[in-house]
Amino acid sequence: MLVQPVSVRAERQVTRLTKDYYPEIVAAHKQNMILSAQPMGVENARYGENTLLSFVIDFGKIKGLLPVHEVGVPVYPVYRSGEAVSEEGDLWSFLALGKKDKKIIERRMIRIMQSGCPLSFTIMTFDGEVAILSRRAALERLKERVRLEEGQRIHVTVILTTSRGAWCDYQGINVYIPRHEVFWGDVSPGEVLELGNTYEAVVKGVDDLVRASIKDLEADPWETFDSRPGSVLRAVIKEPVTSAENRFRVTFKPGVNGVAQGAPLSRYYIGQSVNVRIIKVIPERRFILGRIEE
């Protein structure tokens, strides 16, 4: 792995439920406590003519349901590149979404569940068998307790990676790491960050959304990369260059990319490891031109 995860002690208290769940849930409901637990599943249940997605929290005989519109960022409302696509986060706005958007949200919820990261929530209603939960309400209260400043170093746990960035958890609140702040060069967040792992980051901005950077704490790979013209290096084919025939974008190591010309009459595929003879290096542009050799 390129970016090394860090081992840290849990920074927030997870409320441990006893075998007698009922009194503890009732007390948490009455006192409006913030609890924390790992989702055990994603339920897709009928709601009239529509379906409603919910995280399932296991309380033993009591079933905890965290509906999609009460999860908040990064599930719903949907955010892309750290900006809200939809400001609405209520039930009816979710039900009005098309099947494609609902499927995207369901996949996000499954990946968050797979990260193994506990989610904070409060209990909204409780009828003795089912507890309806809200993470959005818990987030509003946690933002008042957790004070962050620009330049502060924190340990964040990855709960979701997308092509545009990584969503992380810090003491129950959301932290967003844009793609260009994950690592040097054009690197997909999922290539270097693993769900459920904890990484050190530095806070870049605190407003309606906390933004952070891992890249600022990592060494620039170009400083130690030896790419002299004439040398032959291993690289991985990432994608074809659409403007040129048999030419490909390649990655020598995360953060160090280039373009390589394929050998005549040879066929290549994405993800293939190849030998590339270096022809030209332009350090100031972080660009390498090479030729694939058999």
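Guide: The chain exposes about 15,700 Å², and carbon and sulfur atoms supply 48% of that area. Accessible areas come from the Shrake-Rupley method with a 1.4 Å probe, and for residues only the protein chains shown count as cover. This is a predicted model, where local features need pLDDT of at least 70 and side-chain atom pairs count only at pLDDT 80 or more, while totals for chains, interfaces and linings use all residues. Residues are numbered from 1 along each chain as its sequence is written, and side-chain values use heavy atoms, with hydrogens and water left out.

Visitor: What makes D220 count as buried or exposed?

Guide: Buried means under 20% relative accessible area, exposed means over 50%, and partly exposed lies in between (1.4 Å probe, protein chains only). D220 has 10% relative accessibility, so D220 counts as buried. In the chain, 46% of the 294 residues are buried.

Visitor: Why is the pairing of R286 and D220 called a salt bridge?

Guide: The term requires a side-chain nitrogen of Lys or Arg within 4 Å of a carboxyl oxygen of Asp or Glu. For R286 and D220 the N to O distance is 2.4 Å, and the pair is a salt bridge. The two residues sit in distant parts of the chain, 66 residues apart: R286 in the loop between β17 (273-282) and β18 (287-293), D220 in the loop between β13 (210-213) and β14 (232-240). Helices (H or I, at least four residues) and strands (E, at least two) are DSSP runs, numbered from the N terminus. R286 is partly exposed, because its relative accessibility is 35%.

Visitor: What links R277, R291 and E293?

Guide: A network of salt bridges links R277, R291 and E293. One of the pairs is R277 with E293, where the closest N and O atoms are 2.5 Å apart.

Visitor: How do you know which accessibility class R277, E293 and R291 belong to?

Guide: The relative accessible area is 27% for R277 and 25% for E293, so each is partly exposed. R291, at 37% relative accessibility, counts as partly exposed.

Visitor: How many salt bridges does the rule give?

Guide: The count comes to 11 salt bridges.
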